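I opened a new notebook page to look up a few things in this structure, going slowly and writing down each term as I came to it.

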Amino acid sequence: MRLAMIGLGKMGANMTQRLLQHGHEVVAFDLNAEAVARAQAAGARGAHTLEEAVAALSPPRAAWVMVPAGKPVERVLHTLADLLDPGDVVVDGGNSNYKDSVRRGRMLKEKGIAFLDVGVSGGVWGLTEGYGMMVGGEPEAVELLRPALEALAPAPDRGWGHVGPSGAGHFVKMVHNGIEYGMMQAYAEGFALLQAKQDFGLDLHQVAEIWRFGTVIRSWLLDLAARALEEDAELQDLAAWVDDSGEGRWTVEEAIDLAVPAPVITEALFARFRSRRPENFADRMLAALRNQFGGHAVKKRE
């Protein structure tokens, strides 16, 4: 099939390349002309405007959007809504808030344009390993995009699925990312405990390699941990700063709204906040309180 890939950041560019490898035609557009040129060199048809990208497609047309969540997605979808015709399909493959996807699905449906919200997981490894995809939207639109979805997935019958109506795809991806926060935090704490037991002289890379095979905690994240430890056993080149994309926050907010306990995911999110505060006032207050009520020793700042 032929579709337009709107947005050629790392993920969009890799997805374009994977589609091309599986024999699909891709019309590639990005505000960055160099990104378009790279896509053309890989075999895509380049477009320098959204209008040009849409004009290069045949009905029913499909435009896959891979731009940052929020206002960029909003602008692109409203522009596409004026360019496309009834029966065409728009895909948002970014990490949009599922509530926005529900609203956008209604907006496009009023114009007769189908909308799919596709939560995509796979990161930089998706090009070779395939992408996990959680798809929300109308079944007819999913069937129209099936050839592309099967090409992007790890296998045609694995790693992707239609999970529900508009918004469901991004909701499932949001929870997926919340679970990811908790798993990453558990691995981080476990390896920190191993590293602190200095009298055993543990080789953390060796331990990671042992755990990777046959154990209950083996996973792709553990594979990546082993890779990181092989490159730098003490992780000396990294700063203890962990960002968050927003989906962990949305997961915690949803847990509060639904009154579903999610303490592990919540604490993992808070741990990321803490990583960005080397001068932590709360910790200084704890020290001050211990000193005030018990006369416990404190360390003065140098």
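**Ground rules.** I am reading a predicted model, in which local features need pLDDT of at least 70, side-chain atom pairs count only at pLDDT 80 or more, and totals for chains, interfaces and linings use all residues. Residues are numbered from 1 along each chain as its sequence is written, and side-chain values use heavy atoms, with hydrogens and water left out.

**Entry 1, strands.** I took helices (H or I, at least four residues) and strands (E, at least two) as DSSP runs numbered from the N terminus, and two strands as paired if DSSP finds at least two bridges between them. Strand 1 (residues 2–6) runs parallel to strand 2, with five bridges joining them, and I noted that Arg-2 has Glu-25 in strand 2 as its bridge partner. With helix 1 (residues 10–21) these two strands make a right-handed β-α-β unit, where right-handed says that, with the strands pointing away from the viewer, the path from the first strand over the helix to the second runs clockwise. Strand 2 also pairs in the parallel sense with strand 3 (residues 45–47) over three bridges, and there Ala-28 stands opposite Gly-46. The chain goes from strand 2 to strand 3 through helix 2 (residues 33–42), and this crossover is right-handed.

I used buried for under 20% relative accessible area, exposed for over 50% and partly exposed for in between (1.4 Å probe, protein chains only). Of the five residues in strand 2 (residues 25–29), four are buried. Phe-293, found in helix 13 (residues 281–294), is exposed at a relative accessible area of 67%.

In one of them, the closest N and O atoms of Asp-88 and Arg-61 are 2.9 Å apart. Asp-88 lies in the loop between helix 4 (71–83) and strand 5 (89–92), and Arg-61 in the loop between helix 3 (50–55) and strand 4 (62–65), so the pair ties together parts that are 27 residues apart in sequence. Both Asp-88 and Arg-61 are buried. I also looked up Arg-103 and Glu-74, whose side chains meet in a salt bridge at 2.8 Å, N to O; Arg-103 is in helix 5 (residues 98–109) and Glu-74 in helix 4, 29 residues apart.

Notes:
A salt bridge is a side-chain nitrogen of Lys or Arg within 4 Å of a carboxyl oxygen of Asp or Glu.
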